[in-house]
Structures are given as structure tokens and as C-alpha cells.
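Here's a friendly walk through a protein model for anyone meeting it for the first time. Have a look at the sequence and the picture, then read on.

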Amino acid sequence: PKDAPVESAADSDAAPAALTGAELAGRWASGGCEAYDDGQGGKSYLTRDFTLTADTWTLDLGIFGDEACSYALFTVEITGPYTLGGLSQIVPGATEGDFAFGTIVWTAKDQGLADTFTGAGCGANAWEVDVPQDVSATGCIGVAHPIAECPTDHDVVALSDGQLFFGERITNMCELSGRPKALGPFGLDPR
């Protein structure tokens, strides 16, 4: 983000305070199609829609084949509990958060990807378009890890200019050492 995250304290002269679950509670969604480098010289296109309570999270993630996010490839629903810690010592204005995985459910929207998921051993059954499958135990194509191997994403969160930011997803966030060192480029708008 252009501006540094704002403190959650009402008095701007007060020392910065870590965010609370109550401050995050609500629905937060992408303002449009988000483009990320895919690590292979191309782009991944997605939309994010989070529903947070004071201690649980749900992410509805859409992955698309085009920059307009009009051709859906697959969707992901992740649910679980989360806890917030103290202020990040690395990311100014951000709060450390641990987002545990309860369930990870994918739904193929494209037959080619359904076939890829079947071939990769994602889930318990052969894949069909628009039929959700729980991949919590198996993971899928290296994007979702089995929960037994990666029970928690170690992240950072910040509120800035009315938007919610999560950390930049360029490391193995399953490990404490993988906690992001910067905020991601796209904020989420309250809904």
C-alpha cells in the first residue's frame, strides 16, 4: 500500500496497538480482479472474499484464467479458527496472526483442471466440474498442503485507509520463519 497502515488506537498520539479480532470481524472482499505473479513468468488472477468473526475465518477464493476474472478455473473455501498476537516487529503497523486450517474445499470449474486434480490425487474421489471436494487430508497440486503438514498460516494483518491487508504470500507460511515481511499489494474492502 502507498500509505503506512493506520494505528487501531482512536487517539493518533497513542502508541500503536495490535489489532483485535473484534476490529477484523465482518466481511472483506476484493475490489476487483487481483493479478499476482505465478512464479513461472505468468500471472494468476483471483478474487478473495473473507468472513471473519472475532476468532474464526472463512475465505472464498476464486481462481480465474483471465485478467478480467471472467473465466473461472476453480474455487476454494477455507475455514478455521485464528488468533492474533502482538504487533509485527518487521511490518510496520501490522499485527501477527495465526490462521489455522479447519477445512479446505476445492471446486473445479473447468474440466481440464478437474482431470488434473484427479490425476494429482487431490481429494478422495475422481473430480467432476462443480462438485466440491475436501482436500484437507490430501492437499492439491502443491497449492494447498495437507492440514497435517501445514496446520496454520503464519501471517500479518493491517487496517489501512479502511481496507484490510494480509501479508505478501511469497514464502512458506506454514513455518513461523515464513511469516510475511511485507503486506500484500491488494487491500480488501468492507462489505
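Predicted model: local features only at pLDDT ≥ 70, side-chain atom pairs only at ≥ 80, totals over all residues.

Residues are numbered from 1 along each chain as its sequence is written, and side-chain values use heavy atoms, with hydrogens and water left out.

**The core**

Let's start inside. The largest nonpolar core has 36 residues, and Leu52, Trp57, Ile104, Trp106, Phe117 and Leu164 touch the most other members. A nonpolar core here is a set of buried Ala, Val, Leu, Ile, Met, Phe, Trp, Tyr and Cys residues joined through side-chain atoms within 4.5 Å. Buried means under 20% relative accessible area, exposed means over 50%, and partly exposed is in between (1.4 Å probe, protein chains only).

Several elements supply at least two residues each to this core, among them strand 3 (43–52), strand 4 (56–64), strand 7 (103–108) and helix 2. The largest share, 5 residues, comes from strand 5. Helices (H or I, at least four residues) and strands (E, at least two) are DSSP runs, numbered from the N terminus. There's also a second, separate core of 6 residues, including Ala94 and Phe165.

**The pocket**

The largest pocket has a volume of about 1,500 Å³. On a 1 Å grid over the protein atoms alone, a pocket is an open set of points where a 1.4 Å probe fits, with protein on both sides within 12 Å along at least five of seven lines; lining residues have an atom within 4 Å of a point. Grid points are joined across faces, edges and corners, and the volume is the space filled by probe spheres set on the points.

Of the 42 lining residues, Leu46, Leu61, Ile63, Val143 and Arg169 lie nearest the centre of the pocket. By class, the lining has 27 nonpolar, 8 polar and 7 charged residues. Here Ala, Val, Leu, Ile, Met, Phe, Trp, Tyr, Cys and Pro count as nonpolar, Asp, Glu, Lys and Arg as charged, and the others, Gly among them, as polar.

**Salt bridges**

How many salt bridges are there? The count comes to 7, taking a salt bridge as a side-chain nitrogen of Lys or Arg within 4 Å of a carboxyl oxygen of Asp or Glu. Here are some of them:

| Pair | Closest N and O atoms |
|---|---|
| Arg48 and Glu34 | 2.9 Å |
| Asp37 and Lys43 | 2.7 Å |
| Lys109 and Asp130 | 2.9 Å |

Arg48 lies in strand 3 and Glu34 in strand 2, so their pair ties together parts 14 residues apart in sequence. Arg48 is buried at 12% relative accessible area, and Glu34 is buried at 2%. By contrast, Asp37 is exposed at 62%. Elsewhere, Glu96, Asp98 and Arg179 are linked in a network of salt bridges.

**Single residues**

Asp130 sits in the loop between helix 2 (111–119) and strand 8 (133–134). Its phi is near 65°, a positive value in a residue other than glycine. Ile141, in the loop between strand 8 and strand 9 (152–160), also isn't a glycine, yet has a positive phi of about 40°.
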